[in-house]
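Visitor: Could you walk me through the charged pairs of this model, one question at a time?

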Amino acid sequence: MYKDGLKNEFTRMVIVSTVICLVLFTVFAVFFSYLMTEARESELRQLEVETTEYKSRLVKQMDTTMQILSTLSKAYEISDIELTEEFLEESLKATNKANDFISMAFFDKNGNGMINSLEYGTGKDFSIEDCHQYSADAIRRALTGENTVSRMFDSKIHDEKIFVYAVPVYRNGEITGVLAAGNNLEIFTDVANGSTVMGGSGYLHLISKDGTFLIRSKNTPVDAGVLDIFSGDYLSEKTKQATIDALSAGNSVTGEFSADGKGYLFYVEPMGLNDWFLFCAGTMFEASSIDAGFIAITLGLLLSVITVTVAMLLIGYRIFRKKSFSLYRIACFDRLTGAENTFQFDENFKNTERSGAGYSVVALNIHNFKYVNDLFGRASGDRVLCFVADVVSDQLKEGEFFCRDAADLFYILLRETDTEVLKKRVESIISFVRNSSLTSGGYSYDLLLYSGIAVKGDRDKALIAMQSIRNVQYENIAFYNNAHHDQVRRKNSIESCMNIGLTNREFKLFLQPEFDLKTNRMVRAEALVRWQRPDGKFMYPGDFIPLFEQNGFCLKLDMYMIERACEQIREWIDNGIEPLPISVNQSKLLFLDLNYPENLAKTLEKYGVSPSLITVEILEGTATEDLDFFRHQVQAVRDRGIRVSMDDFGSGYSSLNMLCSLNIDEIKLDKGFLQNVTGAEWERRTVIVRHIVKAASELGVATVAEGIETDENRKAMCAIGCDIGQGYFYQKPVSAAEFSEKYMSPR
Ligand code: C2E
Ligand code: MG
Ligand code: MG
């Protein structure tokens with residue numbers, strides 16, 4: 001899930017960034033297309049404007065020429081003067097000169113006439129047949145009463161492109177001849193040779209209705225061999241058709257074409273004369289070069305922003321991934337073994353549960369792992385944990401997983417529900433580890449694992465099953481069952497009423513006397529707790545002390561018992577009874593509290609009890625946690641005059657070590673010394689106990705023998721040299737009231 005979380009986070013980031021980039025691109029695309037449309041529109045407008053301008057200049061020039069001819073023809077019509085050769089010669093000459101035509105001519109209705117050229121003078125006997133065909137066409141049409149302009153042609157006489165304008169000359173209401181003038185079009189001379197159209201980026205053609213070039217700019221990109229606008233593949237089929245339609249209808253039209261890889265826009269405008277059209281074209285981008293530059297800058301900026309965004313995203317992602325990965329490792333994996341931790345296990349567990357497949361959870365623990373650490377050192381302990389993790393990992397099948405919880409506790413999820421199969425698989429892990437005994441510095445240690453299995457259960461149930469194992473040597477696999485369920489219920493019920501029990505003083509002080517083995521004189525009593533439930537029944541320490549050790553309630557209960565012992569001593573004193581010292585059992589947890597020695601002293605003070613009347617009994621196992629600190633705490637208690645006794649001496653593995661390290665007042669030999677012993681072993685034990693007692697006595701440490709059940713026991717311990725004895729032989733633990741009544745009589 002953590003992995004999924006990271007993935008989702010990154011996916012979200014990528015989606016947001018992609019959306020931002022897409023929005024930027026869309027905005028840019030819309031903006032760009034708007035600019036392109038604008039640029040196109042603006043160029044088309046420009047083409048139209050320029051074309052219209054050229055058209056009006058051309059029309060104006062033609063009109064002027066036509067007007068001059070018409071005026072002269074009118075003059076001929078209304079004048080009485082005979083149209084003699086001399087008269088015509090003179091009038092042509094004068095008009096030609098005055099108007100700067102290239103040539104002027106008069107033809108009678110038979111087509112005979114004369115011509116006057118500024119360059120060559122007057123030519124008589126000149127007939128229509130001598131003219132260029134285009135010129136002759138125009139003149140003939142004029143003879144039919146029409147004012148005409150010829151198509152442009154290359155004049156052989158004048159060596160330039162010229163037009164011929166022709167108007168009919170009337171006499172007495174009849175056409176008597178034609179006046180014609182040859183002229184070039186100045187505008188086209190500029191246009192064709194120069195670079196004036198569209199600021200130099202365009203050009204202008206005069207075309208006929210069928211698209212043939214009549215006058216053609218020099219700077220056109222279209223090949224010289226192409227004679228009309230439809231030849232070659234400059235125009236698309238669509239544009240070609242639209243242009244043909246417009247030309248035949250005499251309409252204007254716009255379109256695009258490409259030449260030499262460049263795009264052009266064109267505009268065609270009818271001249272209103274001779275079915276001529278002006279064709280004006282301009283390059284698409286150069287016409288809007290400012291916009292194109294702007295577009296390039298914008299595009300550059302946009303690309304930079306996107307590049308920076310993508311780069312930042314990538315860098316961010318790499319950092320994010322690196323950090324997340326280490327966080328992920330910390331959050332989900334056990335640093336020592338590399339196995340997953342309980343957090344990750346529970347996530348995987350949820351998925352398995354959801355999948356509906358059969359499964360079981362196994363809790364696995366190393367028996368007395370604490371000793372491995374103590375005997376072989378922490379580094380070896382770590383190696384053992386890694387080794388177990390490896391073994392477990394190797395035994396897993398598809399879809400199975402495991403984790404390490406605190407210390408030496410592992411949880412495994414197996415995809416099995418058959419108890420026999422489960423047992424076999426777990427046994428194989430246990431025996432694999434067992435066969436790899438730990439040896440170091442001459443020590444050898446059997447790594448014994450034990451396990452609880454909860455079929456279709458969870459970690460808690462597997463753990464409960466595992467904790468139900470009493471003797472690991474005989475039983476190392478336990479399946480969770482209803483009895484365990486009851487145990488849990490009992491545990492819950494105890495925990496739910498322990499606090500109220502303490503408030504209501506349900507925990508009672510019982511006392512068991514201790515005797516001087518030599519004199520048989522009672523020297524002390526041990527405080528033993530009994531929990532009297534509201535129904536009057538008693539519960540014994542074995543039923544609740546281990547649980548209180550686990551949940552920490554011992555801290556409260558043990559101080560409470562110190563108070564009850566002090567209260568009892570105070571009562572004896574107040575009743576004029578010589579007080580008897582009391583030893584009180586104290587949980588090892590208390591010694592972890594730095595204030596404990598001071599708290600003890602304060603409680604004693606509260607009841608006005610001399611510290612010499614109180615002994616605290618601690619379990620020797622306590623000492624292994626943090627020896628220096630423990631030694632300091634023990635000393636702090638002794639410094640306040642309170643005696644310290646080590647309980648159950650010999651039941652742990654480091655008793656002698658403790659005796660060497662700790663400055664204590666007394667050891668209480670575990671009752672196990674006296675129990676279940678046969679003859680031969682008894683001999684050996686006696687030797688050992690005797691030496692312990694001797695060693696203790698030499699160190700000034702008193703010895704107490706627990707579990708004296710018979711007089712034989714008493715004699716034996718007395719013979720060994722033990723100082724004090726305690727056990728059923730003397731007295732079973734009894735309530736404080738009974739004890740007082742029996743043993744504490746007023747002086
Ligand atoms: P312990 O401190 O070693 O106490 C001696 C235990 O041996 C007592 O069991 C006592 O009843 C039992 N005992 C005494 N004489 C004989 C005998 O001749 N034969 C046998 N078989 N047993 C004998 P008890 O009262 O059930 O207490 C069990 C343990 O519970 C104690 O062992 C002590 O470790 C713990 N405990 C008792 N009271 C307290 C307490 O107030 N606080 C804490 N933290 N632990 C307590
Ligand atoms: Mg004790
Ligand atoms: Mg004991």
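Visitor: Is Glu400 buried or exposed?
Guide: This is a predicted model, in which local features need pLDDT of at least 70, side-chain atom pairs count only at pLDDT 80 or more, and totals for chains, interfaces and linings use all residues. Residues are numbered from 1 along each chain as its sequence is written, chains are lettered from A and ligands numbered from 1 in the order in which they are written, and side-chain values use heavy atoms, leaving out hydrogens and water. Buried means under 20% relative accessible area, exposed over 50%, and partly exposed in between, with a 1.4 Å probe and protein chains only. Since Glu400 has a relative accessible area of 10%, Glu400 is buried.

Visitor: Which residue forms a salt bridge with Glu400?
Guide: A salt bridge is a side-chain nitrogen of Lys or Arg within 4 Å of a carboxyl oxygen of Asp or Glu. For Glu400 the closest N and O atoms are 2.7 Å apart, and the partner is Arg425.

Visitor: Where does Arg425 lie?
Guide: The pair links distant parts of the chain, 25 residues apart, with Glu400 in the loop between α9 and β14. Helices (H or I, at least four residues) and strands (E, at least two) are DSSP runs, numbered from the N terminus. Arg425, which is buried at 13%, lies in helix α10.

Visitor: How many residues apart in sequence are the parts tied together by Glu416 and Lys397?
Guide: The side chains of Glu416 and Lys397 meet in a salt bridge of 3.7 Å, N to O. Glu416 lies in the loop between β15 and α10 and Lys397 in the loop between α9 and β14, so the parts are apart in sequence by 19 residues.
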